[in-house]
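Let's walk through this fold together, from its sheet to a helix inside and then to a pocket.

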Amino acid sequence: MFFIAGITGRVGGAAATQLLAQGHQVRSLVRNPETAAGWAGQGVALRQGDWNDAAALTAALEGVEAAFVMVPPNFTPSPGFPESKAVIAAIGTALRHAQTPRVVALSSIGSEKTSGLGLITATHLLEQELSTLSASTAFVRAGSFIENALGSLPGAADTGIFYSFYQPVDRPVPTIATVDIGQEVATLLTGDWTGKRIIELGSPVTPNDTAAAMSEVLGKTVTAQAIPRERWTATIESFGLPPGSTWGYEEMLDSINSGWIDFSVPGTESIAGTTTSAEVFALAK
């Protein structure tokens, strides 16, 4: 039996799909079992509870061979990240009480840094908490998700322009498809390894590369164009984020564009992605 957090999301769902295909039993914790009814129909054992409920997490982790954990995405954290800290504390407490022997955690590029991380601060805090576990632990430091560009596909189809926060548009950024993250998580959960591991997962992709993949899928020329820095706040707010809440997103982007956040950190393992941007875009078209 393996525990998968975030089973209704892209990464957790991809990991669960891999495990089920291999004939393994899967258990997950969900706030509303009705939203995960499809997983129950595939044989996943669902437990009800919140991610910041240490008792519910402990019960869900009891007796599993290994567990995949993550911090729920929060694009509008309060200063100091109290929401993420509450979840991380519950995860740490539950893993210790359940004595889970092997843990795989979704982290992010840059999580080894102590400042200038923006939204990536949450995974930095998760690594800090879980690094003290006695269990064998693997941190999967994933690059930027290819799926993050899916929302730009309709606009690119209309205008022929892929507007990018990452800039300059010829600078590569570590990038990965969520299906590849799920595959690596499943491999780690079922693998025979011990100790502490840090895996950098992804391949270098420039905004120009992303535009080229869109061109391939859409059958028309798409060109990458950088969004001017002074327009970031208004652009991010147009996605639905409340005024004054974009600071974490902007700090993260600034640090990636400056190279403060990147791959090739000493002491890490490097695994390239196998799913291309064009393959992800084609499935969503």
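Strand 10 (196-201) and strand 13 (269-271) pair in the parallel sense over three bridges; strands here are DSSP E runs of at least two residues, helices are H or I runs of at least four, both numbered from the N terminus, and two strands pair if DSSP finds at least two bridges between them. Within strand 13, Ser270 sits opposite Glu200. This is a predicted model, so local features need pLDDT of at least 70 and side-chain atom pairs 80 or more, while totals for chains, interfaces and linings use all residues. Residues are numbered from 1 along each chain as its sequence is written, and side-chain values use heavy atoms, leaving out hydrogens and water.

Zoom out and you get an open sheet of eight strands, ordered 3-2-1-4-5-6-10-13, with parallel pairing. Strand 3 (45-48) and strand 13 are the edges, each pairing on one side only.

Among the buried ones are His124, Glu127 and Leu130. Their cover, counted by contact (heavy atoms within 4.5 Å), includes helix 4 (82-98), strand 5 (102-108) and strand 10.

Which helix gives the most to the lining of the second largest pocket? Helix 11 does, with four residues. Arg10, Glu147 and Glu279 are among the lining residues.

Conventions. Buried means under 20% relative accessible area, exposed over 50%, partly exposed in between (1.4 Å probe, protein chains only). On a 1 Å grid over the protein atoms alone, a cavity is a set of points where a 1.4 Å probe fits but cannot get out, and a pocket is an open set with protein on both sides within 12 Å along at least five of seven lines; lining residues have an atom within 4 Å of a point.
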